[in-house]
Amino acid sequence: REMAEQRHRLEMIIEGTAAGTWDWNIPGGQMRVNERWAEIVGYTREELAPITPDTFFRLVHPDDLAQSNALLSAHLEGRSPHYDSLCRMRHKQGHWIWVQDRGRVYERDAQGRPLWMAGAHA
């Protein structure tokens with residue numbers, strides 16, 4: 001019962017903040033996103049499927065991609081406590097929108113290599 005209450009509470013928080021959530025299996029390259037993640041840029045998850053890190057890279061403004069990648073690399077390599085990047089992403093209708101992308105690695109292997117990362121778009 002306590003687990004169900006906690007899950008419900010977290011779902012309400014995510015819905016209340018209108019955040020797009022994501023989690024990433026780094027070695028495998030698979031990503032899971034909620035519907036809001038796709039809606040922020042004007043799509044459905046089905047329209048973007050399969051959703052991988054390349055989906056994000058393809059939507060990010062070319063002038064913002066290098067900085068976003070540098071921030072991501074710094075975090076994956078353990079040089080920063082979290083990933084935090086403000087970048088423009090192309091909306092389905094063709095215009096650019098600002099997206100705050102935040103996340104952190106929450107699981108590493110025995111050698112310290114990142115396995116799983118999760119975060120949110122706002």
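This is a predicted model: local features need pLDDT of at least 70, side-chain atom pairs count only at pLDDT 80 or more; totals for chains, interfaces and linings use all residues.

Student: Is Phe56 buried or exposed, then?
Tutor: Phe56 has 7% relative accessibility, so it counts as buried.

Student: And Phe57, how does that one count?
Tutor: Partly exposed, because its relative accessibility is 25%.

Student: How many aromatic pairs does the structure hold?
Tutor: One. Phe56 and Phe57 form it, edge-to-face. Their centres are 5.9 Å apart, with 65° between the planes.

Student: Switching to cavities. How many of 30 Å³ or more?
Tutor: The count is one. The largest cavity holds about 140 Å³ of space.

Student: What lines it, and which residues lie nearest the centre?
Tutor: The lining has 14 residues. Trp22, Trp24, Phe56, Leu72 and Asp101 lie nearest the centre. By class, ten of the lining residues are nonpolar, three polar and one charged.

Student: Which elements supply at least two lining residues each?
Tutor: Strand 1, helix 4 (53–59), helix 5 (62–76) and strand 5 (114–121).

Student: Back to strand 1. How does it run against strand 2?
Tutor: Antiparallel, with four bridges joining them. Trp22 has Val33 of strand 2 as its bridge partner.

Student: Which face of strand 2 is covered?
Tutor: The one with Met31 and Val33. Gln30 and Arg32 are on the uncovered face. In a regular strand, side chains alternate between the two faces of the sheet.

Terms used:
Residues are numbered from 1 along each chain as its sequence is written. Side-chain values use heavy atoms; hydrogens and water are left out. Buried means under 20% relative accessible area, exposed over 50%, partly exposed in between (1.4 Å probe, protein chains only). Two strands pair if DSSP finds at least two bridges between them. Rings of Phe, Tyr and Trp (its six-membered ring) pair if their centres lie within 6.5 Å; planes under 30 degrees apart count as stacked, over 60 as edge-to-face and the rest as tilted. On a 1 Å grid over the protein atoms alone, a cavity is a set of points where a 1.4 Å probe fits but cannot get out, and a pocket is an open set with protein on both sides within 12 Å along at least five of seven lines; lining residues have an atom within 4 Å of a point. Grid points are joined across faces, edges and corners, and a volume is the space filled by probe spheres set on the points. Ala, Val, Leu, Ile, Met, Phe, Trp, Tyr, Cys and Pro count as nonpolar, Asp, Glu, Lys and Arg as charged, and the others, Gly among them, as polar.
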